[in-house]
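The sequence and structure are shown first.

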Amino acid sequence: MMPDSKKFIENLSGAGKCIGVLTSGGDAQGMNAAVRAVVRMGIYVGAKVYFIHEGYQGMVDGGDNIKEASWESVSSMLQVGGTVIGSARCKDFRTHEGRLRAALNLVQRGITNLCVIGGDGSLTGANLFREEWSGLLDELVQSGQISEEAALTHSALHIVGMVGSIDNDFCGTDMTIGTDSALHRIIEVVDAIMTTAQSHQRTFVLEVMGRHCGYLALVSALACGADWVLIPEMPPKDGWEEQMCHKLSENRADKKRLNIIIVAEGAIDQNNKSITTELIKDLVVRCLGFDTRVTILGHVQRGGTPSAFDRILASRMGVEAVLALLEASPGTPACVVSLCGNQAVRLPLMECVQMTQEVQKAMDEKRFEEAVKLRGRSFENNLNTYKLLSHRKMDAEHPHSSFNVAVLNVGAPAAGMNAAVRSAIRVGITEGHTMFAVNDGFEGFSKGQIKEIKWGDVGGWTGQGGSLLGTKRTLPAKHTDKIAEQMKIHNINALLVIGGFEAYLGLLELQAARSKHAELCVPMVMVPATVSNNIPGSDLSIGADTALNAITDTCDRIKQSASGTKRRVFIIETMGGYCGYLATVGGLAAGADAAYIYEEPFDIRDLQSNVEHLTEKMKTSIQRGLVLRNENCSENYTTDFIYQLYSEEGKGVFDCRKNVLGHMQQGGAPSPFDRNFGTKIAAKAMQWISKKLKEFYREGRVFANSEDSACLLGMRRRALVFQPVVQLKDETDFVHRIPKEQWWLRLRPLMKILAKYKTSYDVSDSGQLEHIVRLRAKDISAI
């Protein structure tokens, strides 16, 4: 956008507007974060915000169910699962009389803007309410319940929806609020079950939620490397029973001590007949005689604290929803704020609802392939990746290539690296290549620590943290002679490097050394994996989500410890080198009061103003503070300095504690997001390698010397994009090891607004209502 067309939050006013916020239908983790964001953003722009308790039932019943919200009333909600304002399925609202009573209750309080957080049923109900609104007001005027003047003042009802549903069954959004947290619950259970199953050589059949949508089953199967998955969108072909049993026994023959089968509760066969966990258990016991147990996860998936992803998603959606309501005119259709890639978008509500209903219709009519396509590109890619990685073909079925591909980890370990390696190895074998694993990065490469790796060698790698291949920060420049020699010895035709900033520098160095060593003239691709999320050319990197969850969990515990002592401020130091991603986004997810980062210089006056802000906060009912500091944000304003300054300035008002999180941010089992992201991005990288090997194969050898033969595969806004590393040089600050432009800096004003700071917030990206069909076209190359 041109500078003169920029839009800032300070130019938008909500004065005189009343916003009602409600949660409806099934609860989902993250709903509270959305409610908190709507309330605080609404108050920030000068609007009045009302809680509508118990969903539509509270709107119909009125009275104390509709209460004005204050800034403090949404404190401590961020980390709570479910919905604090209550949700109920409401029969009354389905009747005309019920909607008439609801309209009266809203008009009496001046509410003409509704923010509805729920599933497609709740959002459809809201749209019907909006369409009937003027008719309902006419009826209320005729019956003398409201004046004509009141009807005129409240003549238009504006509606914005946010999708809160753990099933991720709503078309038009990549992720609905609650889905990521539900995946966390499932993966926690699967990881725990795997240890007991391994001890006893058992088969476990797990039922997960998803009556009409198999997203949870599919992604959890992808994230834990399940042997078999059954979902409603893709019923197994006739004879699946024998195929499944053959696969299970084959895995046992490969010395795998356990089997995991994941079933969506709505799983069906080709004849629309239900496939239950008991049916599968009986089948496995009858045909194979394996010790088999069933676990039904049930409402565990809805419970617990929301993940970092869901908190950030819900906070961003809540702010976007308020902006949409501020900009709405009487003719604006009801819209849904949703996520595409890592971008917030607005879509017409009814287009999304119709598309969602079309999926169900296609399934009812047994048009299953169409149903998968209608679910969206993300769902289809998950399904294709699962098929690619789980079903091992016989060697004779593989296309045979004479190519050798090496995979290595470079830089610091990041959770999700092993999932990426497993994916790359298996896709490579499927494509017919011979796969080699390199231990200990470029250093190990130069020493010849290279061995062939087979399909079964990477079994069970998905859920393991760290780097099983071993990783070092050593750069290749000093070892290029030896690396070239090893590439010649093992006849390596392509390289896949999974790692952080050192991997990026390493690829640049290898490309520069091509003029001296013909062995390095092979296709090379890098997949970003670092907790710091500081790689140019990619908005996200493998490992960052796991680190964010570690930060968020710790901050939750620290905040809880302050609930007893009161009047306490915590200073927490996060990792990230010079990149402030973890401090900023962790701050947004944990509800921090401030986050100090290198990218946004600060001085003693800023520190003083933060202390004054916290002093004011201690006068309210929220008597605790949370301040995050990136490890390299300032040479002189160290964690100790900030701690001592806050302690001195806050004397008599609050006391201080400090905490350095350190390497716990790098450890632990990878989050579902990192497992899934690592799996899909590495599969795509491997397919690129196969394409390039064919392209650069000339006269019996591979020779790749062009710029586009050494690429980085990164996520840019809505899509995965291959970019030549040489072209990324201009985007890089090599001294501080960060990209010159970083998308997440746009989230900083959001964190400040939600912490009650007056700030400038560029909302130019908001406000374009897209259409779902257009979105599908853009979505083609997305994950």
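## Salt bridges

Glutamate 731 and arginine 716 are joined by a salt bridge, with their closest N and O atoms 2.7 Å apart; the term denotes a side-chain nitrogen of Lys or Arg within 4 Å of a carboxyl oxygen of Asp or Glu. Because glutamate 731 sits in the loop between β25 (719–724) and β26 (732–733) while arginine 716 belongs to strand β24 (residues 710–716), the pair ties together parts that are 15 residues apart in sequence. Helices (H or I, at least four residues) and strands (E, at least two) are DSSP runs, numbered from the N terminus. The model is predicted: local features need pLDDT of at least 70, and side-chain atom pairs count only at pLDDT 80 or more, whereas totals for chains, interfaces and linings use all residues. Residues are numbered from 1 along each chain as its sequence is written, and side-chain values use heavy atoms, with hydrogens and water left out.

The structure holds 32 salt bridges. Side chains of opposite charge can pair when their charged atoms come close. Three of the pairs are set out below.

| Pair | Closest N to O distance |
|---|---|
| Glutamate 731 and arginine 716 | 2.7 Å |
| Arginine 629 and glutamate 573 | 3.6 Å |

The accessibility of the partners is classed as buried (under 20% relative accessible area), exposed (over 50%) or partly exposed (in between), using a 1.4 Å probe and protein chains only. Glutamate 731 is partly exposed at 32% relative accessibility, and arginine 716 is partly exposed at 29%.

The salt bridge between arginine 629 and glutamate 573 links distant parts of the chain: arginine 629 lies in strand β20 (residues 624–630) and glutamate 573 in strand β18 (residues 568–574), 56 residues apart. Arginine 629 is buried, its relative accessible area being 2%, and glutamate 573 is buried at 16%.

Glutamate 380 and arginine 377, by contrast, both belong to helix α13 (residues 377–390) and are three residues apart, about one turn of the helix. Glutamate 380 is buried at a relative accessible area of 13%, whereas arginine 377 is partly exposed at 30%.

## The parallel sheet

Strands β18 and β20 also belong to an open sheet of four strands, ordered β19-β20-β18-β21 with parallel pairing; two strands pair if DSSP finds at least two bridges between them. At its edges are β19 (594–596) and β21 (655–660), each of which pairs on one side only. From one strand to the next, the twist averages 20 degrees. Strands β19 and β20 run parallel and are joined by three bridges. Alanine 595 stands opposite leucine 628 in β20.

Two helices are described against these strands. Helix α18 (residues 544–565) lies across β18, β20 and β21 and runs at about 165 degrees to β18. Helix α20 (residues 604–617) packs on the sheet, where it touches β18, β19 and β20, and its direction makes about 155 degrees with that of β20. Contact means heavy atoms within 4.5 Å. Axes are lines fitted to C-alpha atoms, for helices over the stretch in contact, and angles run from 0 to 180 degrees between N-to-C directions.

## A buried asparagine

Asparagine 533 is found in the loop between β17 (524–528) and α18. This residue is buried, with a relative accessible area of 4%. Leaving aside residues up to four places away in sequence, asparagine 533 touches Ser538, Asp539, Leu540, Ser541, Ala544, Cys579, Tyr581 and Gln742.

On a 1 Å grid over the protein atoms alone, a cavity is a set of points where a 1.4 Å probe fits but cannot get out, and a pocket is an open set with protein on both sides within 12 Å along at least five of seven lines; lining residues have an atom within 4 Å of a point. Grid points are joined across faces, edges and corners, and a volume is the space filled by probe spheres set on the points.

The count is four cavities of 30 Å³ or more. The largest cavity holds about 560 Å³ of space. Its lining has 34 residues, of which Phe309, Leu339, Gly341, Leu540 and Phe673 are the closest to its centre. Elements that give two or more residues to this lining include α13, α18 and α22 (672–695).

The largest pocket has a volume of about 1,000 Å³. It is lined by 39 residues, and those closest to its centre are Gly26, Arg89, Gly119, Asp120 and Gly121. At least two lining residues each come from α4 (120–142), β6 (203–208) and α11 (349–364). The largest share of this lining, six residues, is supplied by α4.
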